[in-house]
Amino acid sequence: MNLVPEKNSDFSTTEYWDSFFTKRKATFEWYGNYENLKRLLTKYISAKDVILISGCGNSDLSLKLYSDGFINMTSVDNSEVVINNMNIKHKNKYPGLVYEIKDILNTKYVDEKFSAVIDKGTLDALMPDGEVESLTRAMKMFNEIKRILKFGGRYICVSLLQYHIAQFIFSYFSENGWIIRVCQCTEVEDSPDFNGQPVFMVVCTKVNKIPGTNPVLEWNPDGLTNERLDSINDLLEIVIDTQKSVSMCFDLTKCQMEDMSNNYRFEINCSQTKKPRYTIMIVESPTQKNSNKMTFAAFIVPHGREHEWLFSSEEGQDILRRNCNVDRLAIISMHRGQIYKNLKQVQQELSRLMLKIAPQGVIKRGETILFLSLEQQLGDRKIIMESKSEHSGDFVIEEVIGQKDETYRRLVFLNMPHIIQSEIKLLTENEEIKIDYSHFLSDYIPYLGLGVGILANQLNRESKILLIGLGGGILTNLLLNAYKNVNIVALEIDLVVYNIAKEAFGLLEDSRLEVNICDGLEYICNAVKNNEAYDAVIYDVDVKDPTLGLSGPPKDFLRQDILNNVKKLIGKEGLFLLNFVCRASDVKAEILNVMKTNFKQLTSLKIAEDINRVLLAGNSDKAFDAHLLEQAATYMNQCTKSNPLIACDVIDISALKENIEDI
């Protein structure tokens, strides 16, 4: 029995509905049954209301409302077939139920007869598209509803709110000065026969339009909280975002994500601030894809530790999933600037969402969502400074408690909130806070230092280093602490960052360090013009646009004219060292090819648990082989162990050989 019309416009014809209800005798519920809608619907109507139900069909909505005490009610439909059937079905047992054949575009009722009009799918049927014919029908219906509704009465529309429908209903009633509130019918989404399309209840309250005032537009996502919005576009955006998120959750439940390999990331915004409150990373088993068999858990990352490899890298996340012994793991990270009371409150806040993204087998088996974490506390993140830089934008300096109760101070630029720009470890000795100069966020810093160590170990004179990208000063501190025979010219484009390095990250002010606040590209060109020479040029400069797939160095620093200048600065025997961070394989291959074309020797050192690579380039005949690198590492460790500010090895020599990559 085919009940689907050949074209959408058939939904608006009486003939289609007569045929539909002739074939379909059983009750048919569009957009959820009464129990799905009762909580919201009964908030906006009372037993005293005179209610009109438009396009009633053979739904049980009228009967259920009548049984709950809403007896002043008339149900209408333009299908004679269905109205006759409903009268026959209910006239003896429920004589108070009134069913009438009426065209909702022209009911012939007297003005202001009703205090509520309930529309469950009628608008969607009359307006299957945004064509003129559909818009004309909807306009006639709205004009009729406006005429028959009392002042203070409500038009309650249950709809899927396709874009053309949402735009029209919001525009029409806001232009007439009515109050518009859009509610999300979440119980429909919880029903076992939910199809992935969220249902909304639009409540339009008839009031007189006051000239010069903005329309009252409200969003109600949970039946409790009303959020006032400034414009129709804001309301449309929320509806669209809700539709996308509900559809995404439905696809996750069914394991139907088309663009998903084994992981998927999305953010949950705070309803008050509109800023991200949670980041959810879904990590899945590559083998188990049966949604009825999959197991599931949620893992809450301690506050401030979301940057750690275990939580931020694909490899680490999959290891975490396997350690949690589930097929799908939701890794939950919290955001700076948001308030979280305790672990229990976070679990309660997210429990409904976790149910929505759990594989359907978890729900069918009646399992509760398992929340996991490393500890019973949320973790601790304290922002000690917030400001803005002209070059780098908004930034924060924060202190975070690590797994072993260590305190880390970090610089984070908010345009790249998931990347730590600089980090130091703080120590407390005799109630005095000191910096642990032996701590490095990533091994790329000691590996850049290793490149300088090749020179420091071989030259019988002071070596001159040009460092482009001072940042928090972590690398310069290492070089100054490790090698007595180096002089560093460090370039930093941002004066704010230089001050941060001095005031918050323990930059060592030393006679061997010269800091220039300038553009690195301009400095390189001028240095060549001035016939300057350096034993090494180091690039440790990042890319401010995270969408490029390249995090450092910027491509402008690898232009042919700039590379020619770098080669002039270092001569035949000098070194060119780069902190190379690239996620895009095509960009990575392009840059490596440029480097191989320009330099006779090129070696890459990979960084464990990181995407960083340290590139060592030069034009001498001597290759950067394992023997040379191990010699330099041994020398570097001897230097750092003898310095009381470090007093330990900084290079794991046993792992060094394995980290040399063929390029």
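How much space lies in the second largest pocket? In this predicted model, local features require pLDDT of at least 70 and side-chain atom pairs pLDDT 80 or more, whereas totals for chains, interfaces and linings use all residues. Residues are numbered from 1 along each chain as its sequence is written, and side-chain values use heavy atoms, without hydrogens and water.

The second largest pocket holds about 1500 Å³. Its lining comprises 40 residues, of which Trp219, Pro221, Ser245, Ile268 and Asn269 are the closest to the centre. A pocket is an open set of points on a 1 Å grid over the protein atoms alone, where a 1.4 Å probe fits, with protein on both sides within 12 Å along at least five of seven lines; lining residues have an atom within 4 Å of a point. The greatest contribution to this lining, 10 residues, comes from α9. At least two residues each are supplied by several elements, including α8 (186-190), α9 (232-254), β10 (263-269) and α12 (343-357); helices (H or I, at least four residues) and strands (E, at least two) are DSSP runs numbered from the N terminus.

Two backbone features occur in loops. Gly552 and Pro553 are joined by a cis peptide bond with omega of about -5 degrees, and Pro553 is located in the loop between β24 (550-552) and α18 (560-570). Asn325, a residue other than glycine, has a positive phi near 60 degrees and is found in the loop between α11 (314-324) and β13 (328-334). Most residues other than glycine have a negative phi, and most peptide bonds are trans.

Methods
Points joined across faces, edges and corners; volume = space filled by probe spheres on them.
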